[in-house]
Amino acid sequence: MPQLGFLHGRAWAALLGQLRRPPGAVCIGAVHSHSQGQKSLQAAEATLASQLKPHKEKSNFIIKTPKGTRDFSPQQMVVREKILDMVISCFKRHGAKRLDTPAFELKEMLTERYGEDSGLIYDLKDQGGELLSLRYDLTVPFARYLAMNKVKKMKRYHVGKVWRRESPTIAQGRYREFCQCDFDIAGHFDPMIPDAECLKIMCEILSGLQLGDFLIKVNDRRILDGIFAVCGVPESKFHAICSSVDKLDKMSWKDVRHEMVAKKGLAPEVADRIGDYVQCHGGVSLVEHMFQDPELCQNKQALEGLGDLKLLFDYLTLFGIAEKVSFDLSLARGLDYYTGVIYEAVLLQTPAQAEEETLNVGSVAAGGRYDGLVGMFDPRGHKVPCVGLSIGVERIFSIVEQRMKTFGQKIRTIETQVFVATPQKNFLRERLKLIAELWDAGIKAELMYKNNPKLLTQLHYCEDMAIPLVVIIGEQELKEGFIKLRSVASREEVAIKRENLVAEVQRRLS
């Protein structure tokens with residue numbers, strides 16, 4: 001009797017052994033009783049019955065992406081690629097080299113690098129004796145790379161995914177998995193020259209993407225620490241209070257003050273003094289005004305920060321972007337690793353955008369100076385000063401995507417330049433020869449995967465996909481040694497010699 005493919009081999013053999021044994025027969029050397037044999041037979045029968053039962057229907061479940069993630073359609077990928085191409089071309093224009101690092105790091109490399117945000121790091125299950133976490137940003141892995149490879153000077157860019165275990169706000173372009181585009185300058189240089197270039201890069205990218213008017217807020221962590229010191233904040237609470245100040249772009253001063261006092265134990269009068277400072281913003285004139293503050297000028301850190309900001313505004317004026325930058329004392333950038341100048345770009349709603357639905361995406365680019373981070377990874381504590389920026393491509397994409405929906409813009413999802421068609425049957429071989437010539441010449445070409453497609457179907461596809469040119473071959477063309485070249489937009493056709501096809505297509509596409 002043949003073995004059934006869906007029944008486990010050993011179970012089948014055991015069952016056959018029981019069924020073939022004559023009634024009352026006992027195997028040589030067997031010590032099992034008749035009742036035990038009966039139990040074995042029943043077990044084998046139960047196994048057979050369970051395997052022969054039809055599979056139960058799977059329980060209902062919802063097919064979806066994990067919370068805080070998303071798929072990108074071909075139309076969306078076209079838009080994303082254009083955004084990324086523009087960003088990367090700007091990074092390259094400023095002399096950056098590309099770098100990549102693993103998607104996960106040793107957990108100890110990431111722990112305690114992000115202050116209060118450390119709780120948002122995704123930890124992975126122990127595999128092979130290493131505790132790992134998904135990278136939270138691209139900055140800490142860059143610092144680890146510099147320290148590990150003893151690199152003292154580098155201008156690099158990095159495009160990659162990062163993960164944060166926070167509550168996603170899809171409407172604001174906030175996800176748990178998202179792409180970051182970073183540009184950083186590492187090394188000892190004269191003050192504020194690399195910092196000014198980072199701000200120039202932000203302006204170039206945001207202007208090139210044509211997102212509308214924008215403003216870059218600038219501050220310095222040394223000035224903030226100086227303010228905290230003169231206001232009477234205990235040094236042990238500097239980072240905690242800085243984290244509260246960082247929420248002023250999302251919360252009112254009243255709510256931030258309440259958090260400082262009720263949750264972080266700050267004296268009410270100290271919080272009020274902080275409020276007098278952090279609600280100020282302006283240009284280089286505010287920097288000059290801060291120099292006149294008698295208490296602040298007694299603080300060495302604050303004085304250094306104000307001096308660097310004054311120099312920064314001089315360079316920004318030379319770059320022609322000073323009017324795009326505002327000295328804003330409410331800007332804090334909650335991450336612990338920032339040590340000096342910090343900045344954040346926000347979009348400004350204009351009257352021209354009144355017909356668009358308001359999309360509050362927060363900052364679209366941010367960064368700052370982090371001179372101590374590399375030293376945290378170096379066994380000897382050798383520091384490599386760094387400054388950098390990150391472009392919020394997900395938020396930018398949300399804005400561009402919404403505008404395209406508002407104005408009904410269509411997106412071409414393929415880059416095909418030429419379609420090889422035929423009006424007659426049995427011309428697949430000739431079409432394959434033609435398309436091979438086009439591919440070998442570096443021309444983006446397609447054909448229909450049918451032996452005998454209808455010409456109208458082929459032409460409709462070209463119009464739907466906005467393919468500019470169609471090459472048509474049939475019996476007459478093959479016999480006389482020429483090819484028809486059709487413009488999809490004008491529907492005009494011209495006959496050209498077969499040997500001139502590639503040259504003519506290249507001429508038209510150029």
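Strand β5 (residues 177–186) and strand β11 (residues 386–391) run antiparallel to one another, paired over 6 bridges. Within that pairing, Phe 183 has Leu 389 of β11 as its bridge partner. Keep in mind that this is a predicted model.

Zoom out and you get an open sheet of 9 strands with mixed pairing, in the order β1-β4-β5-β11-β10-β9-β6-β8-β7. The edges belong to β1 (97–98) and β7 (281–282); each has a single partner strand, so one side of each is left without a neighbour in the sheet.

Now for the helices. Two packed helices are described by the angle between their axes and the distance between the axes. Here is how two pairs look:

| Helix pair | Axes come within | Crossing angle |
|---|---|---|
| α8 (residues 238–245) and α9 (residues 253–263) | 9 Å | roughly 160° |
| α9 and α10 (residues 268–278) | 10 Å | roughly 145° |

With axes crossing at roughly 160°, α8 is roughly antiparallel to α9. The crossing of α8 and α9 is right-handed. On the α8 side, the contact uses Ile 241, Ser 244 and Val 245, while α9 brings Val 256, Glu 259 and Met 260. Sorted by class, that contact has 4 nonpolar, 1 polar and 1 charged residues.

The α9 and α10 crossing is right-handed too.

Terms used: Residues numbered from 1 in each chain as written. Predicted model: local features only at pLDDT ≥ 70, side-chain atom pairs only at ≥ 80, totals over all residues. Heavy atoms only, no water. Axes fitted to C-alpha atoms, helices over the stretch in contact; angles between N-to-C directions. Helix = DSSP H or I, 4+ residues; strand = E, 2+ residues; numbered from the N terminus. Parallel < 35°, antiparallel > 145°, perpendicular 65-115°, else oblique. Left-handed = near helix turned anticlockwise from the far one by under 90°. Contact = heavy atoms within 4.5 Å. Nonpolar A, V, L, I, M, F, W, Y, C, P; charged D, E, K, R; others polar. Pairing = 2+ DSSP bridges.
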